[in-house]
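Good morning, and thank you for making time for this presentation. Please look at the sequence and the model as they come up, and I shall then go through several local features in turn.

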Amino acid sequence: MKKVLFLLILISACKKEVHYYPSKQFFEENNPTEIITHNLNYGEIVDSLTNQIFKNKRHFVTIENNNQIYKISPFTYTGGLIKEINSLDIDNDSVWWEYKKQPLNNLEGLIELHYGNNGKEYFLPYSYKRAFIKLILDSISNYKKNKSKLLYIVKSYEKAKFKYKDSCNLDILIHYYKDSRHQPLPPPPSPVY
């Protein structure tokens, strides 16, 4: 009897808790499919998600950490108007706050201010329902860096305390700068004789 009880305790301790972002309701309504990101760089992930969003298909990324599983369905910029006031921009090593870079370890407090504003400050979102986080990384960054940044954002959001957290969704926009640093230049034009 003791062995059976010990086995049940061991099995229940190994069960992993699943967290859904932006929300569990989003996953139930949209039924997204998982995208495997282990062999993709950040630019390839963003581009493939963008292509699927154009087709009205949603996908999610799974991140496992200790005894927790995070299922995150980010969105990408597909054109149209996005008010920059609603975004909290995070790049490789810092958070953009009031047009200045802040250290990444201040993220929890900045999330509290960003989502808890509700029209108090002019440079923050007017509503927590419109607030989102924009993650901007190099297009060539690898899986480990992508995973660690997403995990850090989610953990900071979970620790943050603000008024409407129970009715708020964590929306994450993933983006990379499309500049000429990482794209090959076109060949020079052929000479005209």
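By class, how many nonpolar, polar and charged residues does the lining of the largest cavity have? Before I answer, please note that this is a predicted model. The lining of the largest cavity has 11 nonpolar residues, two polar residues and one charged residue.

Let me place that cavity in its setting. The structure holds three cavities of 30 Å³ or more, and the largest cavity contains about 120 Å³ of space. Its lining is made up of 14 residues, and those nearest the centre are Thr37, Ile45, Val61, Asn146 and Leu150. Three elements, H3, E3 and helix H5 (143–159), each supply at least two residues of this lining. H5 gives the most, with four residues.

Helix H3 runs over residues 42–54. With its 13 residues, H3 reaches 19 Å from the first C-alpha to the last, which is close to the 18 Å expected at 1.5 Å a residue.

Which residues of H3 are buried? They are Tyr42, Gly43, Ile45, Val46, Leu49, Thr50, Gln52 and Ile53. As a reminder, an α-helix has 3.6 residues a turn, so residues three or four places apart point the same way. What covers the buried residues of H3 includes E3, strand E5 (75–76), strand E9 (132–136), H5 and strand E10 (172–175).

The buried residues of H5 are Tyr143, Asn146, Lys149, Leu150, Leu151, Ile153, Val154, Ser156 and Tyr157.

Next, the backbone. Where is the cis peptide bond that involves proline 22? It runs from tyrosine 21 to proline 22, with omega near 15°. Proline 22 itself is found in the loop between strand E1 (17–21) and helix H2 (24–30).

Two asparagines also deserve attention. H3 is followed by asparagine 56, whose phi is positive, near 60°, although this residue is not a glycine. Asparagine 56 lies in the loop that leads from H3 to strand E3 (59–65). Is asparagine 56 buried or exposed? Asparagine 56 counts as exposed because its relative accessibility is 73%, and the cut-off for exposed is over 50%. Asparagine 66 also has a positive phi, near 55°, and is likewise a residue other than glycine. Its place is in the loop between E3 and strand E4 (68–72). Asparagine 66 has a relative accessibility of 67% and therefore counts as exposed.

Strand E4 brings me to glutamine 68, which is found in that strand. Why does glutamine 68 count as buried? Its relative accessibility is 18%, and buried means under 20%. The side chain of glutamine 68 is joined to that of tyrosine 70 by a polar contact of 2.5 Å. Leaving aside neighbours within four places in sequence, glutamine 68 is in contact with Glu17, His19, Ile63 and Lys155.

Finally, the largest pocket. About 350 Å³ of space lies in it. Of the 13 residues that line this pocket, Glu84, Ser87, Glu98, Tyr99 and Phe123 are the closest to its centre. Strand E6 (87–90) and strand E7 (94–97) each supply at least two residues of the lining, and the largest share, three residues, comes from E6. By class, the pocket lining has eight nonpolar, two polar and three charged residues.

Tyrosine 99 lies in the loop between E7 and strand E8 (100–103). Tyrosine 99 is exposed, with a relative accessible area of 81%. The C-alpha atoms of tyrosine 99 and phenylalanine 123 are separated by 9.9 Å, and these residues are 24 residues apart along the chain.

Thank you for your attention.

Terms used. Residues are numbered from 1 along each chain as its sequence is written. This is a predicted model: local features need pLDDT of at least 70, side-chain atom pairs count only at pLDDT 80 or more; totals for chains, interfaces and linings use all residues. Side-chain values use heavy atoms; hydrogens and water are left out. Buried means under 20% relative accessible area, exposed over 50%, partly exposed in between (1.4 Å probe, protein chains only). On a 1 Å grid over the protein atoms alone, a cavity is a set of points where a 1.4 Å probe fits but cannot get out, and a pocket is an open set with protein on both sides within 12 Å along at least five of seven lines; lining residues have an atom within 4 Å of a point. Grid points are joined across faces, edges and corners, and a volume is the space filled by probe spheres set on the points. Ala, Val, Leu, Ile, Met, Phe, Trp, Tyr, Cys and Pro count as nonpolar, Asp, Glu, Lys and Arg as charged, and the others, Gly among them, as polar. The expected span of a helix is 1.5 Å times one less than its number of residues. Contact means heavy atoms within 4.5 Å. A polar contact is a pair of N or O atoms within 3.5 Å; within protein, one must be able to donate a hydrogen and the other to accept it, and residues adjacent in sequence count only if both atoms are side-chain atoms.
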